[in-house]
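Hi there,

Here is the structure I promised to pass on.

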Amino acid sequence: MTQTNRIDAGGRVDRSQTLEFTFNGQSYKGLKGDTLASALLANGVDIVNRSFKYSRARGIVAAGAEEPNAVVQLGAREETQVPNVRATQQALYKGLVARSTNGWPNVQRDVMSWVGRLGGGFMPPGFYYKTFMAPASMWMTYEKYIRKGAGLGRAPHESDPDIYDHMHHHCDVMVVGAGPAGLAAALSAARAGARVILCDEQEEMGGSLLDSRETLDGVSAVRWVEETVKELASLENVLLLPRTTANGYHDHNFVTLHERRTEHLADTASEAGLAGQARARLHRVRAGQVVLASGTHERPLVYANNDLPGNMLAGAVSTYIRRYAVVPGKKLVLSTSNDHAYRAALDWKEAGRQVVAIVDARANPDGDLVRQARDSGIRVITGSSVVEARGGQRVTGARVCAIDLERFVVTGKVEELECDTIASSGGYSPVVHLSSHTGTRPQWNEELLGFLPGEVKGMISAGGVAGHFGLDETLADGERAGRQAAQLTGFEDAQAITLPATRGLRDGKACALYQVPHEKTALRAPKQFVDLQNDVTAAGIELATREGFESIEHVKRYTALGFGTDQGKLGNINGMAIAARCLDRSIPDVGTTVFRPNYTPITFGAIVGRHCDELFDPKRYTALHQWHMENGAEFEDVGQWKRPWYFPRTVNGKKETMHEAVARECLAVREKVGILDASTLGKIDIQGPDAREFLGRVYTNKWAQLAPGRVRYGLMCKDDGMLMDDGTTSCLADNHFLMTTTTGGAAGVLEWLELWHQTEWPELQVYFNSVTDHWATMTVTGPDARKLLSELTDLDLDKESFKFMDWRDATVAEVPARIFRISFTGELAFEINVQANYALHVWKKLFEHGEKYDLTPYGTETMHVLRAEKGLIIVGQDTDGSVTPEDLGMQWAIGYDKPFPWIGKRALSRPDTLRGNRKQFVGLKPKDSSVVLEEGAQIVFDKEQSIPMAMKGHVTSSYYSPSLGHGFALAVVVEGRERMGQTVYLPMTDGTMHEAEIVSPVFIDPKGERQNV
Amino acid sequence: MFYIHCPYCQEYREEEEFHPRGEAHLMRPKDPDNTTDEEWGDYLFFRKNPRGVHHEMWVHSVGCRKFFNITRNTVTYEILETYRMGEQPSITAETEKVRKEQGVQTADGGWQTIGAQPESKALNEETSS
Amino acid sequence: MSNVSAKQFDTVPAGNPAVESPLCWSYQQQKTANSANAGVVLREKALLGHVVLRGGAIVLDEAVRQVLGISLPAKPNTVERDEAGERSIQWISPDEWLVIVPGGEECALERSLRETLGDAHVSIVNVSGGQTVLTLAGDNAREVLMKTVSFDVHPHAFPVGKGVTTIFAKATVVLRRTSETEWELVVRRSFADYCYRWLLDASAEYGIDTQ
């Protein structure tokens, strides 16, 4: 194929660089500087897609972000697939491969279009919901085929080879859009010394100036753009971000920008020769002031068959001709309500192609461009509009008729003009999307026939988006906005800068025209499309209002107007205008729907940044992690920590299962000696004269008598009386304590202590500091623990001088250590704390000396079994925020007679905590000794009861005990402690029913003799 | 993403450094043992949920670890002031009304249908209550 | 020790047992990088003494002047250093300061401070095993920080002598600017590997030198 629509001169394309690309399997050639859309138009490709619902042939309509049809699937290989790319925003590169997202087997001959054509008249809004809802159970089946038929792109099935990242920015002035207003604003603010970020979503900065017929200071406007960009780039306080879309505007002037860094060059960064560079970058900008210079989107007119390929926006036609040197047809009819659109006809004619006529809805258009058109001999038909496009795969003619705007009827005889392109313009809608993201309301301006951005604190709108459409006005407004923004961010001396002079073309007044009347009613006329991407027609909106949908939000949801990736860029105002007419209300009365981030689609890669794979979430390691790795540990995630779960051994060439390893580790602790890395436990250093008083207030039990050298277990409740954490606290000195918390509770408990100190009891003299990471903790436990440790410590471990629940300073393997005689296994145990930098040394020494005792490392699973055998709870596993210390049977740890009303005390006498039928903590012994109950299994008392059975409790922990030789469980059961010896039942989902006896939760050594030796 | 002025660090920090901790100025009854079940229940469970000016407690958890209060408009999300623990707000629902009447402009939002004034006008006027 | 109500603990062993900084394991896991013309230079200042002071500013100021010869920074988010730049005190909160001294000095420092402070209500906590210092330098150090922390690291907002506690990717960091070209990052031991990997990854496009 040749570039039949390319003109020989002009444009901002590089004719020396031809780029080959593939669209829908066909090879084409374009030029460097093209977008995919301009290259397709240059090659005369009319049909780029099939529509979403009716499968109608669709061509390129626009030249920017507002393009509804040319939404393509990009990528040569599976792993480089990118869905929902707008061809109008995708720079052409060598070897680009793109496909239409809709259409099977291809867009030229689409099977679904017959469904659309046959069923078109019978597919009103809500069609799918109305048609496929019966029987409801079949919806899932229907949906699969409907979605396949519709298809809006697909995600790749393979991992993205590219990388993405984020960058945080702070600036004084964030300028969104680098058209005339944005450039003037950036220049003005930058010269004043403000930190400026200027972003623009297009390949080149300049916006409308890149295809303007205007001159600045007597030379082409592009020259001024180039000089301005050059100056801005040279300034140290300016960051220029081309190819960067401001996609979201959030609270407190936080703007998210999506920068496309390599996708204009190749499929992947490495193919672009930029291996290691991020393909896209999400900039998170906190701005002092935001200058919104997002410009306008032209509104198409809504006439019959306005979706046929060959129907385009007038401004897009100008853009393709002037910027890309592409004339997208041979014979043009322009239908307009305003002067500005006349540029399309003038540009078309200057490109050497035929302008059949300009059809102007106004009776007496009189602006400068109108005069120029007339002077150049173009036929101007006034008081009329194109009411219908003719054609099959492309426009072949335009039906033109006089219209009465007041009465919304056609008045004269229809004239049919032969043409292949119809450009239309119904005026210009300020791009208020970003301002709407903040929650502010756009304000209707009757003079401008559009919504203007509402007031946003910290935002100044400038240029087109602020309703300034003439170039000199736009430049001046931008300059003012930039200067004002600089002044508001502390650059009070900002001076006005000199702006280039325009020719000062005068525009005549536009008229309000949205939907064009037709000889037939909207329901009977050929389809008049409002939202091309979502296939919403004027008739659909009319029907929705007739069916009783009066709120524009309901109309939107019923018809899909402005849904999805389109976000109402082209269709919203027209849709609202039609709804307003049907409801006989004004446009501001009907209102507009809410625009939401993101403004245009953004890849998940950019959202994720480098928070993926290894860096998805922090992995926290203890000082002993290296040893665990070298010794074959399997790891368990406990919060962000990686903890050894169990240490499988290889016996006779076979690696132990978890069950085998845990059984071995459990027996080793009960019979010999084991060692656990307990470094992850939270540790809080508490100092101050009121430390003891404070402990008494936050723990349920008593602390007044705890002497230096002693340790106590404590329960911590919230003020609702429910257990929140537990752990041991040691008295280091009279005013100095070391608190331990659960691994997961460490940060929360520290914040909890600070909360009460800072907000309730600031008079207490006490400070808290986390020392979790400072200490490494090793638990040596089992009957041989004393023998082993005594080989390495200078401390006398004699049971009389170093009692259970004592702690002492000592050295272990020559390293200063604190040794705590506390036990979470029920065996003789020593918890050794050493400064973490020496942990590996001490741990290795323990193993050197432990070999003869068969010292066995064990992980969290064995720890869980051992503590459960002793009936020791784990907060968060055996409790769930609805369990009191009373429920747990831990009355011994509740100091009801303490003088201060400690946290949780009062709530323990509320009716809810006193009621008799609370669930209580018990043990369960399955009747079948081979059964290990499922954790979470529900407990019932009456197995004969029909479903729904009365659930009386549930299993909180359950394991196989190698020491006992059977499974056992911990559970909470209604009035459990009064039901000792009773049988309960556990119905399982597979229909089986387990039986278990309620027993004491302490399965091993109820008197605690083993830990006390 | 809020931008929050920490009254202790005396500078603005990103929201991700902070945790919200619910309604500010909650008073724990001084004598819980002689508090009725109803009063204790109110203290534990009942919170204000105003449309408009609200006083909230936040903590600068990744920072100075200090708790402080924020006066925030729950409609516009504007933070009207931050102040230290133990201090009283200078802006309340009542004073905020005055601010509005004097013409201080803030972004307004929160409505599904923006621009649709008539049916929501009455509701909008209650904003500061 | 005059302050009998708090218990000092000497973590510095008398002998010479093996000692490992928080990044030891990471260095072994992740091959150290050493690109020519690296835009980022990353180092660990391992095994320094880290001590957290809490208490009233006036009483602590007097004590640290006497013991360390540095005044307590009163202005939020600032760092005071001795002339050699080896000892520093950073404002963390209105009643909290982080003191970093050469490794081995921390226990003597704690002892001297306790003696000087007498019965004043303060808290002195040795956290040397729980954190480590990384330094980041090079032409692209600031860009790497911009990818990593949301706090403004522009020279206008972050002059030399400033220090803040803030978010580091999904972890936390105490970030200090020591000179026009160098930053210090105080990271927690258990997060050190994550921070190290993150910095390697974020610096890759500029080239990084870790040894």
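Chain A and chain C bury about 5,300 Å² between them, with 56% of it on carbon and sulfur atoms; buried area is the accessible area (1.4 Å probe) that two parts lose on being put together, summed over both. More than any other three residues, A:R610, A:Y767 and A:N837 contribute to what chain A buries against chain C, supplying 14% of that area. The contact (heavy atoms within 4.5 Å) takes 62 residues from chain A and 63 residues from chain C.

A word on conventions: this is a predicted model, where local features need pLDDT of at least 70 and side-chain atom pairs count only at pLDDT 80 or more, while totals for chains, interfaces and linings use all residues. Residues are numbered from 1 along each chain as written, chains are lettered from A and ligands numbered from 1 in the order written, and side-chain values use heavy atoms, leaving out hydrogens and water.

The rule finds nine salt bridges across the interface of chain A and chain C, a salt bridge being a side-chain nitrogen of Lys or Arg within 4 Å of a carboxyl oxygen of Asp or Glu. The side chains of C:K147 and A:D165 form a salt bridge at 3.1 Å, N to O.

Helices here are DSSP runs (H or I, at least four residues), numbered from the N terminus. Among the buried residues of helix 5 of chain C are C:Y194, C:R197 and C:W198.

Best wishes

Methods:
Buried < 20%, exposed > 50% of the residue type's maximum accessible area, 1.4 Å probe, protein only. Helix = DSSP H or I, 4+ residues; strand = E, 2+ residues; numbered from the N terminus.
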